[in-house]
Amino acid sequence: MRVVLGVGGGIAAYKAAELVRQLEQRGHDVQVVMTRAAREFIQPLTFAALTGKKVITDLFSGENANDTLASAVEHIGVAQNHDVLVVAPATADLLAKFATGQADDFLTTLHLAFTGAVVLAPSMNTAMWEHPATQQNLETLRARGCFVIQPDEGWLACGTTGAGRFPDPERIAAEVDLLTEQKKDLAGESVLITAGPTQEALDPVRYISNRSSGKMGFALAEAAARRGARVTLVAGPVHLNAPPNVRLIPVRTAQEMRRAVLESLESATIIIKSAAVADYYLAEVPKQKLKKTATRLSLELDPTPDILAEIGEKKGDRLLIGFAAETDNLIGEARRKMAAKHCDMLVANLVNREGLGFDSDRNEVDIITGSGKTVHAGPADKKEVAEKILDQVAMLRLSLSTAETKS
Ligand code: CTP
């Protein structure tokens, strides 16, 4: 893959050198572009030595043209000759310029002219990262299809700790690989995914919920969109941004989730139910806050609708993929739920292990396929697990349509 790496002017600019090495080790051909501010932090010579190519620094220097490119429109030539633009570190200033379409130096002009995939690896001080202006710019860029790599949390060069740390270059390189794999095996499919917990009100200020973060469902949505599917994501309350090219329908309760799912069901060809739906709710929610008394409080809860079971009854030829969150007898319970809810496939995970599953970035699952075979995935980042799950979904879709063609 031909990668153009834009280096912004942040203290993490020196880490971009390691990123060049990681990208090259993975077989990518890298051209580096540096902003003027980046050159305050690290010399172009470092990147030139690593890539064996002249680093592009100025819009009109004329020295920048490679043999085949006319220097006056070099940014257009570079845009046309590369498959992916990676910006690392992407500073708050660069994000603002990209979001507003400014083009006052080589990198910002290249960004406007670039039609391939854009990957941004922001890195900055926590307050700058959390500032509404930065978050809004990121939202704008995500909505335009840019892929944003979440910065790490930890010690920052400004002497504070928090979110904004430059991600491990190996992680950025792995994300670039995932993005550029170009597996389009879900093209033509319309995938409906549920994610996150639901919240069931007990009074105007309290609710019952669970520890689901929604990360598994969001990773599935992002991966399915990248693999060519039209994706609708019905999500309970989570702290995650909509992935690029995904229609997000936010809901709160199990009833709301059921309604949103049924409304989107008609056009769906694949349904993946990764949400951790609350099993009980309070039917009559008091209008006033429940008052504390010295005696025990008992609440009578009613079962919520089982959305997966309901879809299982009326799914027709849609593929239905359920999830099972268990604390013991994983495979036994998963097989029972798969049969009871008429699923074509089921993803089972243990949810009582520290650092895996609920409320975590990583997961380890057993995928019970249509043929009853069990495929193990992880422990790995949820994005990687999502790809493995979708590999099985795509395989099942292919085997069913091949069987249909034969009959
Ligand atoms: N599910 C659902 N609606 C519910 C409860 C669960 O659609 N009211 C779906 C989940 O999205 C998941 C699957 O059913 O795909 C299994 O959920 P899980 O919580 O593991 O099992 P339950 O059926 O709720 O059974 P239990 O809590 O007793 O294990």
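**Around the ligand and beyond**

Reply: Let's begin with a loop: Asn329 sits in the stretch between β16 and α13. Please keep in mind that this is a predicted model. The phi angle of Asn329 is near 45 degrees, which is a positive value in a residue other than glycine.

Now for the contacts themselves, taken one by one. Lys341 places a polar side-chain atom 2.6 Å from an oxygen atom of the ligand. Ala275 takes part through its backbone, where an N or O atom lies 2.8 Å from a ligand oxygen. Asp279 uses its side chain: an N or O atom there is 2.9 Å from an oxygen atom of the ligand. As for cover, the ligand has 570 Å² of accessible area on its own, and the protein covers 80% of that. The space that the ligand takes is the second largest pocket.

Let's go back to the chain and follow helix α13, which spans residues 330–340 and includes Ile331. Ile331 has a relative accessible area of 29%, so this residue counts as partly exposed, since that class runs between 20% and 50%.

The loop between α13 and β17, a strand covering residues 345–350, holds His342. Here is another positive phi in a residue other than glycine, near 55 degrees for His342. With a relative accessibility of 38%, His342 is partly exposed.

Ala224 belongs to helix α10, residues 215–226, and is buried because its relative accessible area is 0%. Ala294 sits in the loop between β14 (280–281) and β15 (302–303), and is exposed because its relative accessible area is 89%.

Their partners along the chain are worth a look too. Between Ala224 and Glu387 there are 163 residues of sequence separation, with 8.3 Å from C-alpha to C-alpha. Ala294 and Leu390 are 96 residues apart in sequence, and 52 Å apart in space from C-alpha to C-alpha.

Finally, here are two peptide bonds to look for in the strands. Ala88 and Pro89 are joined by a cis peptide bond with omega of about -5 degrees, and Pro89 is part of strand β3, residues 84–90. A cis peptide bond also links Gly378 to Pro379, with omega of about 5 degrees. You will find Pro379 in strand β19, residues 374–381.

Methods: Residues are numbered from 1 along each chain as its sequence is written. This is a predicted model: local features need pLDDT of at least 70, side-chain atom pairs count only at pLDDT 80 or more; totals for chains, interfaces and linings use all residues. Side-chain values use heavy atoms; hydrogens and water are left out. A polar contact is a pair of N or O atoms within 3.5 Å; within protein, one must be able to donate a hydrogen and the other to accept it, and residues adjacent in sequence count only if both atoms are side-chain atoms. Accessible areas come from the Shrake-Rupley method with a 1.4 Å probe; for residues, only the protein chains shown count as cover. On a 1 Å grid over the protein atoms alone, a cavity is a set of points where a 1.4 Å probe fits but cannot get out, and a pocket is an open set with protein on both sides within 12 Å along at least five of seven lines; lining residues have an atom within 4 Å of a point. A molecule sits in a cavity or pocket if more than half of its atoms lie within 2 Å of its grid points. Helices (H or I, at least four residues) and strands (E, at least two) are DSSP runs, numbered from the N terminus. Buried means under 20% relative accessible area, exposed over 50%, partly exposed in between (1.4 Å probe, protein chains only).
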